[in-house]
Number of protein chains: 4
Amino acid sequence: MQNPIEKAEGRLGILLPGMGAVATTLIAGVAAVKKGLAQPVGSLTQMGNIRLGKRTENRYPKIKDFVPLAELDEIVFGGWDLYSDNVFEAAMKAKVLEPMLLHAVREELEAIKPMKAVFDKHYVPNLNGTHVKEERTKADLAKCLMDDIENFKEANDCSRVVVVWSGSTERYHEISEVHQTIEAFEEGLQNNDPAIAPSMIYAYAAIKLGVPFMNGAPNLTCDIPALIELAKETGTPIGGKDFKTGQTLMKTILAPGLAARSLGIKGWFSSNILGNRDGYVLDHPDNFKTKEVSKLSVLEDILQPDMNPELYGEIYHKVRINYYPPHGDNKESWDNIDIFGWLGYSMQIKINFLCRDSILAAPIVLDLALFSDLAKRAGMSGIQEWLSFYFKSPQTAPGLRPEHDIFKQLIKLQNTLRHLMGEDLITHLGLDYYQDLAEVM
Amino acid sequence: MQNPIEKAEGRLGILLPGMGAVATTLIAGVAAVKKGLAQPVGSLTQMGNIRLGKRTENRYPKIKDFVPLAELDEIVFGGWDLYSDNVFEAAMKAKVLEPMLLHAVREELEAIKPMKAVFDKHYVPNLNGTHVKEERTKADLAKCLMDDIENFKEANDCSRVVVVWSGSTERYHEISEVHQTIEAFEEGLQNNDPAIAPSMIYAYAAIKLGVPFMNGAPNLTCDIPALIELAKETGTPIGGKDFKTGQTLMKTILAPGLAARSLGIKGWFSSNILGNRDGYVLDHPDNFKTKEVSKLSVLEDILQPDMNPELYGEIYHKVRINYYPPHGDNKESWDNIDIFGWLGYSMQIKINFLCRDSILAAPIVLDLALFSDLAKRAGMSGIQEWLSFYFKSPQTAPGLRPEHDIFKQLIKLQNTLRHLMGEDLITHLGLDYYQDLAEVM
Amino acid sequence: MQNPIEKAEGRLGILLPGMGAVATTLIAGVAAVKKGLAQPVGSLTQMGNIRLGKRTENRYPKIKDFVPLAELDEIVFGGWDLYSDNVFEAAMKAKVLEPMLLHAVREELEAIKPMKAVFDKHYVPNLNGTHVKEERTKADLAKCLMDDIENFKEANDCSRVVVVWSGSTERYHEISEVHQTIEAFEEGLQNNDPAIAPSMIYAYAAIKLGVPFMNGAPNLTCDIPALIELAKETGTPIGGKDFKTGQTLMKTILAPGLAARSLGIKGWFSSNILGNRDGYVLDHPDNFKTKEVSKLSVLEDILQPDMNPELYGEIYHKVRINYYPPHGDNKESWDNIDIFGWLGYSMQIKINFLCRDSILAAPIVLDLALFSDLAKRAGMSGIQEWLSFYFKSPQTAPGLRPEHDIFKQLIKLQNTLRHLMGEDLITHLGLDYYQDLAEVM
Amino acid sequence: MQNPIEKAEGRLGILLPGMGAVATTLIAGVAAVKKGLAQPVGSLTQMGNIRLGKRTENRYPKIKDFVPLAELDEIVFGGWDLYSDNVFEAAMKAKVLEPMLLHAVREELEAIKPMKAVFDKHYVPNLNGTHVKEERTKADLAKCLMDDIENFKEANDCSRVVVVWSGSTERYHEISEVHQTIEAFEEGLQNNDPAIAPSMIYAYAAIKLGVPFMNGAPNLTCDIPALIELAKETGTPIGGKDFKTGQTLMKTILAPGLAARSLGIKGWFSSNILGNRDGYVLDHPDNFKTKEVSKLSVLEDILQPDMNPELYGEIYHKVRINYYPPHGDNKESWDNIDIFGWLGYSMQIKINFLCRDSILAAPIVLDLALFSDLAKRAGMSGIQEWLSFYFKSPQTAPGLRPEHDIFKQLIKLQNTLRHLMGEDLITHLGLDYYQDLAEVM
């Protein structure tokens with residue numbers, strides 16, 4: 001049995017590097033929810049239930065009534081951006097939420113102004129930052145960020161802070177020497193090593209201070225040995241990467257279902273059209289590469305072609321993202337899935353998802369902030385695999401296959417909560433409901 | 001710890017009431033698989049793996065190597081139909097499988113001739129039987145069926161037999177007095193009570209003999225107190241109802257995924273077009289009613305609107321089936337799902353499934369036959385809830401909500417197998433992979 | 001050569017029986033266009049061009065600059081409805097246009113109040129009128145309507161009036177004795193003949209006064225010998241029936257394209273979901289029947305199966321309309337088209353149209369009003385076949401096949417305008433652009 | 001009045017540069033049709049009717065009964081390819097037609113062996129030719145091709161020959177000096193000018209001999225001043241380019257329909273997946289460029305944004321082609337069209353076309369062969385604009401906008417046939433059916 005988790009006392013600061021469509025949709029939404037104007041739909045921490053005990057006990061509390069999470073009333077938002085617009089201005093430009101709703105919380109949003117960002121055009125060629133920190137070394141930039149965090153905490157009277165990366169996707173690059181150890185990394189900060197991306201500087205700053213850090217983009221960011229080691233040293237929960245929304249969400253729902261039935265898959269073609277800033281950044285092939293790697297990995301893990309070569313050995317998986325301005329933030333995906341069944345007869349599934357990117361992502365940011373804060377108070381540090389549920393490309397212990405099946409991810413999350421609170425884990429066996437069976441066995 | 005399960009020795013007879021598209025696709029397919037011409041895709045018992053132990057143990061045997069199932073080589077098929085075509089003729093008319101494939105197993109198929117069916121036009125107004133039993137009472141019909149079963153078993157040298165209903169959907173009717181007790185039911189058989197449907201007579205005959213009975217149509221059939229009681233008395237595994245294929249399969253994959261993320265649902269419109277005999281039978285409103293009830297129940301259980309009224313309290317769910325001859329057996333479904341997310345913003349999902357009805361159903365019949373035979377040998381009797389995985393409308397213990405979420409159904413099935421074989425149940429907690437956590441807790 | 005058309009002098013009154021979603025969307029839209037708040041998109045009379053002369057002349061005037069139509073500034077709206085809501089209230093309830101837009105023209109809309117309707121629940125079982133005329137005979141009702149028209153004309157200082165039926169679809173019925181001659185019809189009005197539907201009383205009233213009458217629903221209305229004869233007598237342009245929007249619009253675009261290429265069609269399945277008042281009325285099978293007949297006729301005429309039995313002789317055409325409240329006025333159609341090409345190989349086309357019913361219908365009402373007024377001034381009377389372009393089920397001279405191909409309908413409309421204005425008709429031959437050819441021939 | 005067209009006497013040779021999927025599907029198909037095994041669906045010359053005179057005359061002869069075309073029995077096929085497979089082998093590899101059908105005409109197909117191709121890897125980087133002509137200069141290659149044509153004609157006892165390019169799409173390049181005059185071009189052939197693509201050498205060889213040449217790929221080929229001039233000199237019909245199949249066919253059907261109704265278009269996103277040799281060639285960006293230019297031009301001409309800036313001025317049009325092997329020749333397109341109507345309200349159309357590339361293209365090759373042969377006999381030379389109907393990117397007289405609207409293209413084709421045969425052109429005016437109107441006008 002473990003120690004009870006410390007209560008969530010005092011205010012929680014949520015700091016967001018990247019205050020674009022996702023961040024502003026979250027901040028405006030929380031403000032609207034507090035005023036009773038809307039519901040925090042899509043957030044498991046706010047709306048979700050969890051079953052406890054046997055089916056016949058009928059215990060299904062709200063998650064927020066079961067585990068000690070921070071209340072919405074105790075949350076304060078802040079962040080960094082490469083444009084100086086306040087949150088109201090940025091939200092109006094993002095065109096995700098209706099002007100009428102934004103006006104209803106205008107005052108709260110105008111009060112939040114981004115701090116200057118750490119930006120490097122090499123990593124995001126399609127953007128031009130105008131509100132960026134200028135320092136001699138990356139170490140100095142990290143220092144600035146740590147000061148920002150400390151100052152924010154004090155200025156807003158917060159007892160705890162968490163950081164959730166909600167900025168752009170960075171150019172594709174792989175792990176190199178400088179990412180291997182804390183020492184090498186800190187030396188790289190001093191030497192302005194080009195392999196240290198801006199998102200890594202944010203992650204370093206947070207982790208160094210023991211502040212939980214979650215990564216919503218497919219960048220490496222905190223998925224490097226140096227920062228994993230640092231997180232253990234400083235007792236910091238970390239996690240990532242790439243918020244699981246839209247098409248990949250559907251994929252991790254559907255693929256396990258097909259695999260459950262031993263249906264074969266020959267091909268999966270995924271196309272996306274979107275017209276927001278995210279789409280514009282991904283129009284650059286180097287940035288798309290980062291996203292593509294994240295999106296492609298999903299099927300392989302779920303289907304395990306090595307174990308089922310007759311069913312999944314030949315799968316041809318292709319993902320395309322197309323910048324298409326007429327749609328704005330209304331990302332739309334179209335998937336064609338070529339499956340085969342009994343005797344190899346082929347069938348097709350077409351899925352057209354008319355989704356809204358930031359509407360799906362915003363509650364994920366909220367949940368990750370609240371759960372990583374919970375983890376911190378529960379004394380959990382390092383990679384939080386139980387939060388895989390929220391990520392396209394979950395960070396796991398070295399050598400451990402990530403789990404992409406959203407249903408296994410959900411059970412993992414729920415059983416972790418049950419475990420933390422001392423409740424029985426659920427196996428869905430249920431044979432004991434059938435009296436006569438129980439006797440036999 | 002339980003007793004080891006008896007080995008599957010001798011031949012297993014699979015008897016099918018209704019030898020139309022589904023049954024002939026199954027029989028031809030098994031013949032083709034035996035000859036190495038095709039693979040039994042879609043069958044969990046033949047192609048599926050099961051994880052045992054911890055992830056790092058890497059134990060993923062085939063299910064058929066893990067539990068003692070009957071081998072395909074030991075299976076013999078038989079059945080009843082209201083047309084006298086042999087299986088080759090019936091398969092050619094069904095137009096599911098290519099003529100070339102059917103010719104390759106023609107001899108085996110021609111050898112299988114249906115026995116005369118128990119038929120009642122009142123229950124299936126759109127069909128006219130020409131190959132039907134004529135007896136004075138329903139009790140006499142039941143007696144005939146029991147003789148058929150015994151004779152088949154002897155003639156084919158089978159050590160065991162199972163029956164899987166693969167006939168048409170019967171007219172909608174509800175449970176009445178005659179279905180309440182064994183006595184009332186047997187009296188009703190004598191009196192030709194009109195509330196005893198043909199499928200119930202088949203179920204009675206099988207269960208009376210201790211022969212496992214599974215129901216692939218949405219009819220009441222064995223889901224009545226009299227037959228549940230009889231199954232316990234005779235130690236017979238039973239289950240149903242309505243094979244989960246096509247659109248409902250997709251629905252029980254997708255709905256749990258949306259609910260997992262606390263996304264709201266406002267409406268779900270499901271349309272189907274199909275042109276086979278099943279479609280023709282369902283063109284009659286009374287038969288469609290039976291199907292509709294089965295198809296509509298799915299969402300309510302998964303979404304639990306009473307627990308989540310803000311998310312699912314207002315859902316408008318409509319299912320339509322349209323007879324459309326140009327498609328033949330290639331059933332096609334189109335679903336429009338109106339969901340909403342953060343702050344109530346709406347999104348849409350459209351799913352177009354170009355499926356093949358009998359191709360999806362055939363392996364289910366096979367799995368149910370093999371698993372119900374396993375259950376019999378394992379000493380399990382009465383309702384087999386662990387086989388819910390295969391049914392649109394799973395039969396459960398009275399008072400127990402059926403589980404429709406296909407992923408929970410799968411875990412239930414897998415954990416039942418693990419339990420039967422003395423392996424650890426799996427909870428997907430996995431905290432122990434993260435050393436430092438283990439220390440803390 | 002014909003006489004020049006009289007100029008459109010003075011104000012034009014547009015009277016609408018049925019002031020629901022379509023009518024209010026039209027009225028609010030014209031008000032918004034007059035204020036410069038929006039564009040009259042979808043209206044050929046307002047936005048369309050017409051080519052004159054040879055391609056190289058580059059003459060493409062706007063239609064409204066080419067023929068003498070009434071100006072929007074000279075239009076006055078009125079109408080009848082079975083609810084007493086003013087146009088602002090009705091538009092708010094219809095939920096087609098955004099509240100913000102409606103508020104911008106609130107004053108104009110509030111000023112328009114419907115006159116009491118002629119209503120008969122027998123013809124529209126799903127509605128209950130509360131604002132209806134009560135008279136002893138249908139002849140008296142007709143007299144009331146004529147008074148309404150005359151009074152409206154005078155009160156609003158109109159030089160001309162037209163009537164466009166924008167009410168509900170009436171129950172299916174066929175032409176009978178009472179519809180055959182003017183005499184029989186007028187006697188039937190006196191005797192309250194049940195075969196005289198409300199829409200016929202409106203049509204009679206208008207035509208009797210020489211007021212152009214266009215019918216936007218699939219009802220018989222003015223498509224009966226009695227009223228056609230009356231229209232000739234009183235020199236009145238008439239036309240109908242059933243505004244061509246949404247799915248049928250797509251069908252009359254696509255089918256001619258497939259036929260142009262001699263591609264065969266085996267089946268066409270059309271499904272619709274909609275949740276407005278129109279959908280609710282059509283949820284009654286008798287009213288759906290009227291709609292179905294109108295929607296089904298389209299393909300036969302375009303494809304001419306008798307002339308092309310190998311290509312279109314076996315086509316299976318099915319249309320379904322489903323009431324689905326979550327969509328409101330956002331009617332959505334899904335079509336599956338089974339075509340075949342070279343050597344009979346099959347292909348499929350799926351069309352998903354997320355349309356807005358009233359947005360597509362409103363500009364049609366406007367065009368029909370303006371063109372029928374033009375026809376009146378041009379001295380054209382009786383059936384206006386050149387307006388077939390706007391109708392699902394165009395009224396034609398007895399014995400003449402209706403033309404459903406939207407492209408032939410467009411050429412017919414355009415060549416009629418060219419003819420009226422003394423311009424050359426266009427044949428798209430164009431051989432004369434190729435000098436050397438011209439010499440040869 | 002023109003001279004009567006010479007009868008089609010003797011045999012017609014159809015020579016195809018590129019004997020891949022399209023060519024073999026055509027040849028096998030014609031063989032099957034001759035044997036009565038299948039119908040030439042999709043071919044206007046074989047299956048299409050044409051209306052003559054007034055609607056009430058009811059004259060709708062088959063086109064082949066109206067104009068003097070070559071009979072299928074008089075056709076002989078030949079061609080060139082960069083692989084040496086005979087037509088049976090090539091058809092089996094193409095996997096378009098069922099093996100059973102191909103075996104039924106195996107003998108005829110095996111008898112047709114391709115001549116060695118003119119090939120240049122620079123123009124098609126993704127292919128490697130193994131059956132290619134080796135000559136010192138491009139002039140020598142042209143000479144070889146002319147010899148091939150003459151030899152084929154003699155060996156097969158043909159009175160006439162036509163050539164239809166059915167080879168791959170070449171790398172994108174633009175018109176340069178060498179393409180401007182006959183002299184420059186012939187000098188370029190001598191000098192091996194790199195701007196002379198293989199397809200131009202074929203076109204030159206045919207045109208020089210007075211043999212009609214039609215171009216089914218988007219390459220420049222005969223759309224250069226030098227070859228247009230040569231065609232006039234030698235009295236040769238030419239035309240192109242890019243067979244209009246699949247997605248573009250749908251686009252030129254749908255766009256005119258939307259424009260007819262003055263509906264606005266904001267965006268049109270077109271995605272394709274296909275897995276045949278064509279798809280593989282187009283996977284190279286330089287070859288895709290050629291295709292893209294051809295596919296993009298379509299909308300602009302139909303919508304005329306300069307004339308309708310409010311409706312079409314802002315349209316964002318994007319076309320993507322994705323190589324996706326699981327589909328083979330079954331090209332599938334998905335289009336999303338963002339339209340807007342009354343007051344600017346937006347709607348969406350999604351089209352999913354499960355087509356078969358070669359099945360749609362084969363009858364086009366046949367029609368072009370027969371019609372260009374007709375043109376030759378009718379004394380028509382140079383660009384045949386009336387065949388625009390078949391092309392994505394119709395070749396027209398310099399300075400003349402191509403006509404992309406498939407319905408105008410069809411009227412042009414039909415009125416040209418009527419004109420050639422001395423029948424009245426059709427304008428669809430039809431006012432004379434309405435007696436009373438006729439009196440007025």
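**Strands, burial and symmetry**

Student: How many bridges join strand 1 of chain A to strand 4 (residues 158-165) of chain A?
Tutor: Strands here are DSSP runs of E with at least two residues, while helices are runs of H or I with at least four, and both are numbered from the N terminus. Two strands pair if DSSP finds at least two bridges between them. Strand 1 and strand 4 of chain A run parallel, with A:L15 opposite A:V163, and the number of bridges joining the two strands is five.

Student: What kind of model is this?
Tutor: Residues are numbered from 1 along each chain as its sequence is written, chains are lettered from A and ligands numbered from 1 in the order in which they are written, and side-chain values use heavy atoms, leaving out hydrogens and water. Local features need pLDDT of at least 70, side-chain atom pairs count only at pLDDT 80 or more, and totals for chains, interfaces and linings use all residues, since this is a predicted model.

Student: Which residue in strand 2 (residues 75-81) of chain A stands opposite A:L16?
Tutor: Strand 1 of chain A also runs parallel to strand 2 of chain A, and six bridges join them. Across this pairing, the residue opposite A:L16 is A:G79.

Student: How many of the seven residues of strand 1 (residues 11-17) of chain A are buried?
Tutor: With a 1.4 Å probe and protein chains only, buried means under 20% relative accessible area, exposed means over 50%, and partly exposed lies in between. Strand 1 of chain A is largely enclosed by the rest of the structure, because the number of its residues that are buried is six.

Student: Which backbone oxygen does the side chain of A:N287 reach?
Tutor: A:N287 lies in helix 13 (residues 285-303) of chain A, and A:N287 is buried, with a relative accessible area of 0%. Its contacts (heavy atoms within 4.5 Å), leaving aside neighbours within four places in sequence, include A:T169, A:E170 and A:R171. At 3.2 Å, the side chain of A:N287 reaches the backbone oxygen of A:Y123.

Student: Is C:K133 buried or exposed?
Tutor: C:K133 is found in the loop between strand 3 (115-116) and helix 7 (138-155) of chain C. Not counting residues up to four places away in sequence, C:K133 touches several residues, among them C:W80, C:L141 and C:D148. With a relative accessible area of 15%, C:K133 is buried.

Student: Which are the edge strands of the open sheet that eight strands form?
Tutor: The order is 8(C)-7(C)-9(C)-10(C)-10(D)-9(D)-7(D)-8(D), and the pairing is mixed. Each edge strand pairs on one side only, and the edge strands are strand 8 (316-323) of chain C and strand 8 (316-323) of chain D.

Student: Through what turn can chain D be laid on chain C?
Tutor: Copies are superposed by least squares on the C-alpha atoms of residues with pLDDT of at least 70 in both. Chain D then falls on chain C with an RMSD of 0.0 Å and a shift of 0.0 Å along the axis, by a turn of 180 degrees.

Methods. A polar contact is a pair of N or O atoms within 3.5 Å; within protein, one must be able to donate a hydrogen and the other to accept it, and residues adjacent in sequence count only if both atoms are side-chain atoms.
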